[in-house]
Amino acid sequence: MAKVVSTLFISADGVAEIDPDWHFPYFDENMGRSVAEDYDTANVLLIGRGTYDSFAGAWPDREAAGGDDAPFAKQIGDLRKIVVSRQDLEFTWRNSELIGGELAASVAALKADPAIKGILIPGSIGVVQQLLAAGLVDELRLLIHPVAARKGRKLFDDGDSPYHLTVTATEVFPTGVIRVIYAPGEGPAPAGYADAVKQL
């Protein structure tokens, strides 16, 4: 079964709606390598409408321009791109299609498709939030910047119960960015203050 992997640039205070002013100063070769590794896990991109518009407005032109980022632009262009939108869209970027049906059911079907090796969600905070709630995200790959953004949309919205996560890998970059890969996990055993006192 294909993994669903969410990859996000995120601030220390949980803001996943990136601002170029706090994001790009931390982008180095380590972050570039991490992004490439994330894209190598998948042959399908699942993206929200806003992310699609941003990508489609930039990457085809970068591929055509033939600059340093043209090979990566081609890689993204060659991937199957499934866009989550409530509106019909006219696609100009190759290999793009509208998701069919309700999000959770459609993603569950994609995970079960033997032709799909992996599903990557770059950005697309709303899509990630819905799939976290549905229990369909297999990995959260976060590049945590050493900055408190103090404004912008956060990854984790308000809800009735916590998401318990297991850390499967960490890496600290010279810039102070921390790469953390989380998988869904079981919560710890119930404990209270009296249990904590025993550890003091």
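Is Phe-156 buried, partly exposed or exposed?

## Surface patch

In this predicted model, Phe-156 counts as partly exposed, because its relative accessibility is 39%. The residue sits in the loop between β6 (139-145) and β7. Together with Tyr-163 and Leu-165, Phe-156 makes a nonpolar surface patch of about 260 Å².

## The sheet

Eight strands build an open sheet with mixed pairing. Their order is β4-β3-β2-β5-β1-β6-β8-β7. β4 (96-98) and β7 (165-172) are the edge strands, and each pairs on one side only. From one strand to the next, the twist averages 25°.

β7 runs antiparallel to β8 (residues 178-184), and seven bridges join the two. Val-167 has Tyr-182 in β8 as its bridge partner.

## Salt bridges

The structure holds 14 salt bridges. One of them joins the side chains of Arg-179 and Asp-38, at 3.0 Å from N to O. This pair links distant parts of the chain: Arg-179 lies in strand β8 and Asp-38 in helix α2 (residues 29-40), 141 residues apart. Arg-179 counts as buried because its relative accessibility is 7%. Asp-38 is also buried, at 2%.

Arg-94 and Asp-78 meet at 2.9 Å, N to O, in another salt bridge. Arg-94 is in the loop between β3 (80-84) and β4, whereas Asp-78 is in helix α5 (residues 70-78), 16 residues away. Arg-94 is partly exposed at 33% relative accessibility, and Asp-78 is partly exposed at 40%.

Salt bridges with shared partners also form one network. Its members are Lys-3, Arg-33, Glu-37, Asp-38, Glu-139, Arg-141, Glu-171 and Arg-179.

Definitions and conventions
Residues numbered from 1 in each chain as written. Predicted model: local features only at pLDDT ≥ 70, side-chain atom pairs only at ≥ 80, totals over all residues. Heavy atoms only, no water. Pairing = 2+ DSSP bridges. Helix = DSSP H or I, 4+ residues; strand = E, 2+ residues; numbered from the N terminus. Axes fitted to C-alpha atoms, helices over the stretch in contact; angles between N-to-C directions. Patch = residues over 30% accessible without salt bridge, like charges linked within 9 Å, V, L, I, M, F, W, Y side chains within 5 Å. Areas by Shrake-Rupley, 256 points an atom, 1.4 Å probe, with all protein chains shown as cover. Salt bridge = Lys/Arg side-chain N within 4 Å of Asp/Glu carboxyl O. Buried < 20%, exposed > 50% of the residue type's maximum accessible area, 1.4 Å probe, protein only.
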